Amino acid sequence: MKFDRINHILKEEAVALPDGLPNVTIKGITYNSQEVKDGYLFFAIEGYQRDGHDYIQDAVGKGAAAVVGEQGDVEVSVPYIQVADGRRALSVISDYYYGFPAADKTVIGVTGTNGKTTTGHLLKSMFEESGVSCALFGSTGNIVNKEKHPAGNTTPTLLEINRLLAVSDDEVVIVEVSSHALTQHRVEGLVFDYALFTNLTHDHLDYHGSMENYFAAKKKLFRMLTKKGQAVINTQNEWGEKLAGELRKENTSVVSVDAGEDSDVYISEYDDGAGELLLRHNGKEIFLEPSIAGIHNMYNIAMAYGTVKLMGARDEAVARAVTGFKGVEGRFSVHYLSGDRTVAIDYAHTPDALYHSLDTVRSQCTGKFIHLFGFRGDRDEEKREEMITVSARMSDQYILTLDDLNSVSKEEMEKTLYEIQRRYGRGNGEVIPDRTLAIEEALRRSGEKDWVVITGKGEESYQQEYHYPAPTDSETVFYLEKSTTRR
């Protein structure tokens, strides 16, 4: 791609364009200076921890042919385009550079506070059981042509999506779309055929400021639907009901999912113990035998079902997919240990997600129930009181421990844990700061028929070093189990 074409494409985005149109060929685009090669176009984007403008000279030194940035008066030896929003400009250029690779695919966006990952993977299973190839972009990894690639954020930039889709043979593309991605224009330029809303509960208010702002950010996804695009919305949640009402007034086609008979797809019966689910859709019943548990997951199944039916999926294929779906790693992953003990590892990090996770355990646990969790530094502090209240009420014992510190010091977070324990604990919990030692203590206390539930990180790697040399919660459990059985 010639630089003069990029200059022309960014005309509406630009604050200032360079004089003249140099005959420069752009051989690649990136916003990471470490990826820059000879002939690349470098996007200097101001982030929350690092500012890409600080790396412009580094990028030029590595061969960048031109730079796009947000700041003015930048002294650089290559052509420089100043734009109002670097992320938006990156999305626009990546579409043109890779030839709009999503244009010939069915694109599905899934948004909501909780359930995005599980619903996305359920969709993928249902499509593939129906013989439809499917790409997936989400928090646990990006899957294209059945090959998994690591994920940095819940929602990658459109550049990263386009880079992978340019070589994709998949017919359907599923994207987990976070509120941050929507407000930061990370998926600007993608056009969605279907948009799903799972729920909206207290989270990210440190970023959005209020639930109303959080809702408005989520609603942006539904502004990105095609003219014939359809919304699938869980109206069991008050914010879902609000969204469905607003979209209908705007003449957007809405499929509602709920437990009431006036919904398009609704949960008719659910027997958690027997693992049986009965859905009704357009006057017909479908009997399913889910391998995953919890009423929240039944709504995830219903959401995915309502979506694939819009594309003509057969009930038989859906039933096979639901029975064969074992869940997503780190999303309520269950491990059975020696001594008839059970460990569940879940990503739940909001009060609502925590309630459903612990409620699922409570319905299955016939012994003692120990819960281990923490709070992330620099994240929504308002939800902490509700989280410890939920844990103290639903578990027999709980242990507060460290999660990601981010920019908060270890000493400050430990002080916070003890203060939260003092103010809101109900006497059935304690603080053990080292996460691996906390897991060791929880396992030590567990016996026959007991459950240990570890929430907050799922399969995310630890940011800090702990006593035992394991990178994740599950690896810590396996390490400690092996050490115990060797004794």
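1. Contacts of Ala-64. In this predicted model, Ala-64 touches Val-36, Lys-37, Tyr-40, Phe-42, Ala-59 and Val-78, leaving aside residues up to four places away in sequence. The C-alpha atom of Ala-64 lies 5.8 Å from that of Asp-38, a residue 26 positions away along the chain.

2. Setting of Ala-64. The residue sits in the loop that runs between helix H2 (56-61) and strand E4 (66-69). Ala-64 has a relative accessible area of 5%, and since the cut-off for buried is under 20%, Ala-64 is classed as buried.

3. Secondary structure and overall form. The protein contains 16 helices and 22 strands. Its radius of gyration is 24 Å, close to the 23 Å given by the globule rule for 487 residues, so the protein is as compact as a globular protein of that length. The C-alpha trace spans about 75 × 60 × 40 Å along the principal axes.

4. Burial and contact range. Of the 487 residues, 57% count as buried. Among contacts with a separation of 6 or more, 65% are between residues 24 or more positions apart. The Ala-64 and Asp-38 pair, 26 residues apart along the chain, is given above by its C-alpha separation of 5.8 Å.

5. Surface and charge. The protein exposes about 21400 Å², and carbon and sulfur atoms supply 43% of this area. There are 53 positive and 75 negative charges in the protein, and the mean positions of the two sets are 2 Å apart.

How values were computed. Residues numbered from 1 in each chain as written. Predicted model: local features only at pLDDT ≥ 70, side-chain atom pairs only at ≥ 80, totals over all residues. Heavy atoms only, no water. Helix = DSSP H or I, 4+ residues; strand = E, 2+ residues; numbered from the N terminus. Rg over C-alpha atoms; globule rule 2.2 N^0.38 Å. Buried < 20%, exposed > 50% of the residue type's maximum accessible area, 1.4 Å probe, protein only. Contact = heavy atoms within 4.5 Å. Areas by Shrake-Rupley, 256 points an atom, 1.4 Å probe, with all protein chains shown as cover. Lys, Arg positive; Asp, Glu negative; His and termini not counted. Charge placed at Lys NZ, Arg CZ, Asp CG, Glu CD.
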